[in-house]
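Reader: Please present the structure, so that its ring contacts and helix packing may be discussed in turn.

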Amino acid sequence: MKFSLFAHMVRVSNDQTQQELYDEFLSLSDIADKGGMCTVWTGEHHGMNFTIAPNPFLNLIDLAHRTKNIRVGTGTVIAPFWNPIRLAGEAAMTDILTQGRLELGIARGAYTFEYERMVEGLDAWTAGERLREIVPSIQKLWQGDYAHEGKHYNFPKTTSVPKPLSEKGPPIWVAARDINSHEFAVEHDCNVQVTPLWQGLDEVEGLMSKFNQACETYQKRPKIMILQHAYVGKDEAELDRAAKQLNEFYCYFGAWFKNERPVDLGLIEPLTQAEIDSHPFYTPANMRRDLMIGTSQQIIDRLKHYQDLGYDEFSYWSDSWMTREQKETSLARFIDEVMPAFT
């Protein structure tokens, strides 16, 4: 099993500047690079201080020039916000500027807040249709001249300019949850990214079951990565604090997803402590049970099960309200105390 880092610039108030958050992102990425992680992933979001990432290619190019070995991945670009020709060309240029270190993760997107602002009339179903058009299109654009006539995109004979440094283009990863998404990814020779979010082991096993089913259908097996919040603690007090902080993170995640609260200057109206405490399933106890929160040995034991299930990569999701010191300390423990068990 390989290990990677998933990180954004995240905030719900002006307590930290955006520059301070970027410095934190660079610091965590440096720890991951020096510690032997395989990839740093960062995504795409718009108009949201909750996840500050308007163009992940910019961040990844900067990061590649500051690191030595680690690959850099989009986790993920949002397919319906892109034209296939533009995405093929920008990904190819990023592959060149990062010396062939790009991993291209693609998703349909999740937030209605962004759909409403980026593409008029966009919904989850249409976003999924666009994803299914754009992935094979960029694969063909990387290989040579290609003309496309589809439901959402139409263009005459065109090629990707530039061509990617990698012969067949950067590896593509598709974010998948339902069986149709798994089957689409496997059919088109894409790797798969899955996240159980706040859900527990049943979801972890269920996602792998869908992937296995897709692999059986198409008689081939790409890679599969699982993305999950993690925290390595030394004692119960530290672990309980982490669970509480991740509980608050998911309460805000849920609020953004529901798209019902006022948003001013990219900041959502703060949740009250009563709202956080009364959430029916985002609770500290559930976070502690279902996320990768534990001592080094507890996390090793759980990751061994993930490895036995067939996961090729575990991506350590660092986004939370934790301090920079907490994030750096936990990530260092993960690298020093957990990863050697999988060498």
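**Aromatic pairs and helix packing**

Author: In this predicted model, Tyr252 has a relative accessibility of 7% and therefore counts as buried.

Reader: With which residue does Tyr252 form an aromatic pair that is edge-to-face?

Author: The ring centres lie 5.8 Å apart, with 80° between the planes. Planes over 60 degrees apart count as edge-to-face. Tyr252 belongs to helix α8, and its partner lies in the loop between β13 (313–317) and α12 (324–338), so the pair ties together parts that are 69 residues apart in sequence. The partner of Tyr252 is Trp321.

Reader: How many aromatic pairs does a search of the whole structure find?

Author: A pair of aromatic rings is described by the distance of the centres and the angle of the planes. A search of the whole structure gives a total of 29.

Reader: How many residues apart in sequence are the parts that the pair of Tyr111 and Phe253 ties together?

Author: Tyr111 and Phe253 form an edge-to-face pair, at 6.0 Å centre to centre and 65° between the planes. Tyr111 is in the loop between β4 (102–107) and α4 (112–118), while Phe253 is in helix α8 (residues 236–258), so the parts tied together are separated in sequence by 142 residues.

Reader: Is Phe253 buried or exposed?

Author: The limit for a buried residue is under 20% relative accessible area. Phe253 has 11% relative accessibility and therefore counts as buried.

Reader: At what distance from the ring centre of Phe113 does the charged end of Arg117 sit?

Author: A charge sits over a ring if, among other conditions, CZ of Arg is within 6 Å of the ring centre. The charged end of Arg117 sits over the ring of Phe113, and its distance from the centre is 3.6 Å.

Reader: Are α2 and α3 roughly parallel or roughly antiparallel to each other?

Author: Helix α2 (residues 56–66) and helix α3 (residues 84–97) pack with their axes 9 Å apart, at an angle of about 10°. Angles under 35 degrees count as roughly parallel. The relation of α2 to α3 is therefore roughly parallel.

Reader: How do the residues of the contact of α2 with α3 divide into nonpolar, polar and charged?

Author: From α2, Phe57, Ile61 and His65 take part, and they meet Leu87, Glu90, Ala91, Thr94 and Leu97 of α3. The division is five nonpolar, two polar and one charged.

Methods. Residues numbered from 1 in each chain as written. Predicted model: local features only at pLDDT ≥ 70, side-chain atom pairs only at ≥ 80, totals over all residues. Heavy atoms only, no water. Phe/Tyr/Trp six-rings, centres within 6.5 Å; stacked < 30°, edge-to-face > 60°. Helix = DSSP H or I, 4+ residues; strand = E, 2+ residues; numbered from the N terminus. Buried < 20%, exposed > 50% of the residue type's maximum accessible area, 1.4 Å probe, protein only. Lys NZ or Arg CZ within 6 Å of the ring centre and 35° of its normal. Axes fitted to C-alpha atoms, helices over the stretch in contact; angles between N-to-C directions. Parallel < 35°, antiparallel > 145°, perpendicular 65-115°, else oblique. Contact = heavy atoms within 4.5 Å. Nonpolar A, V, L, I, M, F, W, Y, C, P; charged D, E, K, R; others polar.
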